[in-house]
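Please read the following report alongside the sequence and the coordinates.

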Amino acid sequence: METVSEALQRTVDTVSSSISAVFADLEEVAGAVTAAAQAASGVPRRSDYLFLRQDLANFIKLHSDLIIGAGIAYAPGSLPEAPHWLEWWRAQPKGEPRFVTHDLNPDSLNYYDYTGREWFTLPSAAGHPLAVGPYVDFGGINVSIITLCVPAATPQGTHILGCDLTLANLEGVFLRALQLRDPAVVLLGPNGRVIASNNARIATGTLLLEEDLKRADLSLDVSPAGSPARLPWKLISLKK
Amino acid sequence: MQSTALSTRSLDLLLLLRGSEPEGLGRADQVSYQIETAILMGILTEGDRLPTESVLAGELGISPITLRQSLAALRTKGLIETSRGRSGGSVIRRQIELTDTQLQHKLRDTSTEALRDLGDLAAGISSMSARLAAGRADPQNVEHLEELVTRHRDTADERARRRMDARFHVAISIASQSSRLTSATLQLEAELMTLWWGDPGQPGNEGDLVEQHASIVEAIRKRDADAAATAAEHHSRSGTEYLIEQHLRLTMQAEGSV
């Protein structure tokens, strides 16, 4: 008979290795961005990063079981053509990913000021890959997501490569690994928000209540070995 | 072909279903979808005769040509039958019955987040409908609601009982005298109707459901708006929790079967 602790460990391992595989490929793309910036003569222009379209399209298709989109947000003022620039692609049911337009006009009601969004500021400040969220990306994709972010350092500033993980996809990974209805087990984000749980009362996207947190029994860090900071999630089982 | 003309009330409900269809459909497909949803919900039932093409096209705000395309699609699916002549027209031929497997797959593939989001909207709409109904329902409305509670309780067939449940909630929104709340309720109930509510092997929560319905109507009858809203919200939330519970179970089961 499997113990609760074994089921939790298996879930942590599965979730962590699924995410690590996505991070690893995105870091490769980020490496290419850094290399392109170094190879450019003078300040790189948008055209120096044209390869990203294909690289990210391949990346999105490869990980379509978990992610629904990916892109790059350039450091403000780093491109000669525009003060702010964001390129994002969304997976399509069939065919190539589609370019997502964001409203980058500061005077617009729908202005998408990515320089103020956590998925841009947190990894920029941290300087290492980081999972941000869950959060609802209004003006972006309008559903609750987690963004896996990888900074790409260049002489012009730090660009952020990111990919969007839906809670729906992550829930599937979590539940199939856990295979446990009792006790209640919660995958918790750094903002106290429930990423997934095996209990109908503790639903995805809500804040874990104080009274539930008091019942915490076992608690495991989800971070992959060797890089504790990039996946600041906890897997917690609750006492009755 | 045995048929009866569609009541004005059913036609009104059919028209209020507009907007429930998925994005990206052409106008003809939207109308077929609208009519299919009305059949699924039991607003249109076997033997109902649709108004003449020109009248129906006018009510739906589409051209007769577009309507003919919609009806042709429904005919291909065997949902309606059309005859020519003076007493002709299109008649609903059968009830749509989604299979258990279809309903279960849909519930399994709808994430907890999406179910919670749908449940949040449902709780908002149903509690406000009940609140307003408490202040606005006339004795006839209340009597109708009481009758639906009883009919829901006494319906043995699981699918038919589910349809009765949806009718009950639509009736509350009608009693609230708000056409927009009614439209929102219809669209919501139509979506809930495509999910799996059965749970063979477990006696289920039917008893709870009947009690919850009764307490909503009781509060409306007493014109106690707060109690009606609270009861409706509680009812809606426990329904959402039940769906998420089934979703979690089906997702974990999927591991073994895939």
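Predicted model: local features only at pLDDT ≥ 70, side-chain atom pairs only at ≥ 80, totals over all residues.

Residues are numbered from 1 along each chain as its sequence is written, and chains are lettered from A, with ligands numbered from 1, in the order in which they are written.

Helices are DSSP runs of H or I with at least four residues, numbered from the N terminus. In helix α3 of chain B, residues 53-60, the buried residues are B:L56, B:A57 and B:L60, where buried stands for 20 or more other C-beta atoms within 10 Å of the residue's own, the C-beta atoms being placed from the backbone. They lie on the same side of α3(B) because they cover an arc of only 100° around the axis, the arc being that of the directions from the helix axis to the C-beta atoms. An α-helix has 3.6 residues a turn, so residues three or four places apart point the same way. The buried residues of α3(B) pack against α2 (27-40) and α4 (64-76) of chain B, and just after α3(B), B:G61 takes a positive phi of about 70°.

The helices α2(B) and α4(B) pack at an angle of about 50° with their axes 8 Å apart, the axes being lines fitted to C-alpha atoms over the stretch in contact and the angles running from 0 to 180 degrees between N-to-C directions. That makes α2(B) oblique to α4(B), oblique being what remains once angles under 35 degrees (roughly parallel), over 145 (roughly antiparallel) and 65 to 115 (roughly perpendicular) are set aside.

| Helix | Residues in the contact |
|---|---|
| α2(B) | B:R27, B:A28, B:V31, B:S32, B:I35 |
| α4(B) | B:T66, B:L67, B:Q69, B:S70, B:A73, B:L74 |

Elsewhere in chain B, B:A232 has its place in helix α11, residues 225-257, and counts as buried because it has 29 C-beta neighbours inside 10 Å. Leaving aside neighbours within four places in sequence, B:A232 is in contact with B:S126, B:S127, B:S129, B:A130 and B:I216. The C-alpha atoms of B:A232 and B:E218, 14 residues apart along the chain, are separated by 11 Å.

Between the chains, the contact takes 14 residues from chain A and 13 residues from chain B. On the side of chain A that touches chain B, the largest share, 6 residues, comes from helix α4 of chain A, residues 167-178.

How values were computed:
Buried ≥ 20, exposed ≤ 12 C-beta atoms within 10 Å, placed from the backbone. Helix = DSSP H or I, 4+ residues; strand = E, 2+ residues; numbered from the N terminus. Contact = placed C-beta atoms within 7 Å.
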